[in-house]
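Here are my notes on this model, written as numbered points. Have a look at the structure first, then read on.

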Amino acid sequence: KKRKEMPLPVLIDTVLLKAYLLTDGTLVMPFLQQRNHCDIEECQKVLRAYDAFPELVCLYRSRKHHRKALELLASHGRSSSDMDPLYGTEETVKYLQMLAMQPEYTALVLEFSEWVLHADPDQGLRIFTHQHTFHDAAVHEFLLSPGIVLEHLRRTTDEQICMAYLESLIKNVQNVPAAFHNQLIFFYLDAILKQQQKEQEEEERKKEDGAEQTKDLPTASASTSSSSSPPPTTTTTFKRTPKRRRVPAGHEPGVLGILRRKLIRFLRTSREYQPEKMLSKFPRNALLEERAILLSRIEQHSQALAIYAHQLGSPKMAEQYCDRLWARDPVVGRRVYLELLHVLLKTPEVDVSSDGTPARRPMIGPALDVMAKWHTRIDAIAALELCPDTVPIHRLLPFLQATMMRNTEKRRNNEVIKHLMRAENLQVRKELLDAQRARVFIDRSTACPRCSRLIGRSAFVRYANGQVVHYICQ
């Protein structure tokens, strides 16, 4: 076929590229990075012949042949030779980060990000979190919609990458909608429940393996001894297996502890998620600390305190909960302390707790300790009304003594303030009488110091220093 004649600018740039390849290859990349008129068909043959694939990618990029560039990067990135300059995902990630800033290439970014996410999920995530580094940008200003990105990640990768994307989004971007906060909590919850199920299955499998090993122990020695002589009589003592100590939320070993720490921190710090929607998704007999935080957000303080005191068996945590609310708002805190006493002193509605053990009875001791320790934050009369009639008076003595001492001190202070206010009142009244007894003498020669005219019978004003001026001259 007869080749079409090249325009002069195309011919010049094409020849110049070939000359650079023949003389000095280091000049090729700077030349292609700037605007050029190289003939694509001719130049790509030459560049492939010289194995100048990074330069070929640069040529495609400068002429906006992005699909060809990405196909070349993908083929070389997945090659088996790590000597290839385009091997791996790094160059593809950089290229896609550049395209992500232009909305018309969204489909192209999503298409070619798939192989990167499969090959290296952490590197693939950088394609979409790159925009989060531009601070002070609202979500609606993003060229790649977070909703589209999240859906793409859910279809392409696992929950860990989705969580990492949402964490970056919420941490670095302002005004993230509540739906993304809710979704991150759901991801945390799902991952925690799966990890708990996995660890439970592993523990059961270990128990079964231990039971099988016990059954397989040899019994020959026992039969030999029985045939020779009767065994001596011995007393066998059985040791009670100690009850497993409960691990605080977020302190579990491994992945479970990390996930619960993240969830608890997010539930406490985020102000955007909707706790009403969350409560229906959380199990009632698991993740109790997290459930208590959600109940606190909707001001269901009694239920949160019941979880701490009865289900978790930790009046100390319930006390710390009240202390946090008091530091935030003393009025609310004063009411919550009474709710804590009501929770500690009432009989639980159920006979068993969440783990199947007998439920705790009214916690008289912890309630009295709270009353004695925080008597300044508790309404004494309301607290005494909550106490059962069966509580001996001597057990209330520390609370009563502290309350009476506080009231006595308050009364004494009020008396001192009363006497000081009375003395101040007497002083003010004396000053008033002295001011009322003051006399002003105006004679024929009294002149105004402002205008130098005689006061006469004109209206005048007397200052505190005794000076007299015309009323209109003040």
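Which residues gather in a patch of negative charge on the surface?

1. The acidic patch. E201, E202, E204, E208 and D209 gather there, forming a surface patch of negative charge. Patch members have over 30% relative accessible area and no salt bridge, with like charges joined within 9 Å and nonpolar side chains (Val, Leu, Ile, Met, Phe, Trp, Tyr) within 5 Å. A salt bridge here is a side-chain nitrogen of Lys or Arg within 4 Å of a carboxyl oxygen of Asp or Glu. Lys and Arg count as positive, Asp and Glu as negative, while His and the chain ends are not counted. Each charge is placed at NZ of Lys, CZ of Arg, CG of Asp or CD of Glu. E208 sits in helix α11, residues 178–215; helices are DSSP runs (H or I, at least four residues), numbered from the N terminus.

2. Ground rules before going on. This is a predicted model, in which local features need pLDDT of at least 70 and side-chain atom pairs count only at pLDDT 80 or more, while totals for chains, interfaces and linings use all residues. Residues are numbered from 1 along each chain as its sequence is written, and side-chain values use heavy atoms, with hydrogens and water left out.

3. The basic patch. R268, R271, R324 and R328 gather in a surface patch of positive charge. R271 is placed in the loop between α13 and α14 (275–279). R271 counts as exposed, at 57% relative accessibility; the cut-offs are under 20% for buried, over 50% for exposed and partly exposed in between (1.4 Å probe, protein chains only).

4. Aromatic pairs. The structure holds six of them. Rings of Phe, Tyr and Trp (its six-membered ring) pair if their centres lie within 6.5 Å; planes under 30 degrees apart are stacked, over 60 edge-to-face, and the rest tilted. Y188 and F266 make an edge-to-face pair, 6.5 Å centre to centre with 65° between the planes. Y188 belongs to helix α11 and F266 to helix α13 (residues 255–269), so this pair ties together parts that are 78 residues apart in sequence. Both Y188 and F266 are buried. Another edge-to-face pair is W326 with Y337, at 6.5 Å centre to centre and 70° between the planes. Y337 is buried, with a relative accessible area of 0%.

5. Positive phi angles. Most residues other than glycine have a negative phi. D51 is not a glycine, yet has a positive phi of about 55°. D51 lies in the loop between α3 (40–49) and α4 (53–62) and counts as exposed at 54% relative accessibility. K64, also not a glycine, has a positive phi of about 65°. Look for K64 in the loop between α4 and α5 (66–77), where K64 counts as exposed at 58% relative accessibility.

6. A nonpolar patch. L8, L11, I12 and V15 make a nonpolar surface patch of about 360 Å², with areas from the Shrake-Rupley method and a 1.4 Å probe. L8 is in helix α1, residues 8–23, and counts as exposed at 57% relative accessibility.

Key: Helices (H or I, at least four residues) and strands (E, at least two) are DSSP runs, numbered from the N terminus.
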